Amino acid sequence: MEDCIFCKIIKGEIPSTKVYEDEEILGFKDINPAAPIHILVIPKKHIKSLVELEKEDEILIGKIYTVINKIAKDQGVKEKGYRVIVNCGKDGGQEVGHLHFHLLAGKPLGEKIV
Ligand code: AMP
Ligand code: ZN
């Protein structure tokens with residue numbers, strides 16, 4: 001947890017461009033954007049990945065989706081649409097071990113995997 005870059009972003013030890021913040025959730029711009037709008041939305045609680053979710057986290061995860069929708073509205077893409085991706089574990093391509101939701105928008109996002 002001490003070495004977690006997203007926990008450091010939450011604490012302000014690593015700079016980020018924040019677009020949303022409340023007591024439980026932070027949204028900030030991805031440093032290496034894969035689309036014109038690429039925001040990472042994270043719980044402030046250090047949860048490693050989706051596989052680590054506990055029953056008590058269910059309300060928090062629901063709030064994250066509401067926040068994603070609010071950010072999409074603030075960014076002006078709610079009407080055109082957006083994609084939310086959560087990479088989970090090695091095969092899922094997760095590189096940062098702090099649960100994060102990618103919000104991608106601002107252009108047609110190409111081929112769908114599912
Ligand atoms: P994932 O591959 O799903 O674990 O995604 C990790 C994401 O975090 C990648 O899209 C990175 O570009 C992004 N990222 C890594 N370090 C930072 C940082 N310091 N600030 C913002 N985004 C970051
Ligand atoms: Zn963390």
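1. Let me start with the space a ligand-minded colleague may look for. Lining the largest pocket are 22 residues, and those nearest its centre are F6, D30, I31, N32 and L40. The volume of this pocket comes to about 510 Å³. Please keep in mind throughout that this is a predicted model.

2. Which elements supply at least two residues each to the lining of the largest pocket? They are α1, β2 (25-29) and β3. The largest share of the lining is three residues, and α1 provides it.

3. I31, one of the residues nearest the centre of the largest pocket, sits in the loop between β2 and β3. Is I31 buried or exposed? I31 counts as exposed, because its relative accessibility is 85%. For a sense of distance, take I31 together with I59: the two are 28 residues apart in sequence, and their C-alpha atoms are 28 Å apart in space.

4. Now for strand β2, where L26 is found. L26 is buried, since its relative accessible area is 0%. The C-alpha atom of L26 is 9.8 Å from that of H100, although 74 residues separate the two along the chain.

5. H46 is partly exposed, with 22%. On the subject of cysteines, how many disulfides does a search of the whole structure find? The search returns zero. A disulfide would be a covalent bond between the sulfur atoms of two cysteines.

6. On to charged pairs. Side chains of opposite charge can pair when their charged atoms come close. Eight salt bridges turn up when the whole structure is searched. In one of them K44 meets E21, with N and O 2.8 Å apart. E21 is in strand β1 (residues 18-21), while K44 is in the loop between β3 (37-43) and α2 (58-74), so the pair ties together parts that are 23 residues apart in sequence. K44 is partly exposed, at a relative accessible area of 23%.

7. E21 has a further partner to consider: K18 forms a salt bridge with E21, and their closest N and O atoms are 3.4 Å apart. E21 counts as partly exposed because its relative accessibility is 41%. K18 is also partly exposed, with a relative accessible area of 42%.

8. Elsewhere, the side chains of K55 and E58 form a salt bridge at 3.4 Å from N to O. K55 counts as exposed, since its relative accessibility is 67%. Which residues do salt bridges with shared partners join into one network? These are K18, E21 and K44.

9. A last point concerns Q94, in the loop between β4 (83-85) and β5 (101-105). Is this residue buried or exposed? Q94 counts as buried, because 17% relative accessibility is under the 20% limit. The C-alpha atoms of Q94 and G76 lie 28 Å apart, and 18 residues separate the pair along the chain.

Terms used
Residues numbered from 1 in each chain as written. Chains lettered and ligands numbered in written order. Predicted model: local features only at pLDDT ≥ 70, side-chain atom pairs only at ≥ 80, totals over all residues. Heavy atoms only, no water. Salt bridge = Lys/Arg side-chain N within 4 Å of Asp/Glu carboxyl O. Buried < 20%, exposed > 50% of the residue type's maximum accessible area, 1.4 Å probe, protein only. Helix = DSSP H or I, 4+ residues; strand = E, 2+ residues; numbered from the N terminus. Disulfide = S-S within 2.5 Å. 1 Å grid on protein atoms, 1.4 Å probe; cavity = no way out; pocket = protein on both sides within 12 Å on 5 of 7 lines; lining within 4 Å. Points joined across faces, edges and corners; volume = space filled by probe spheres on them.
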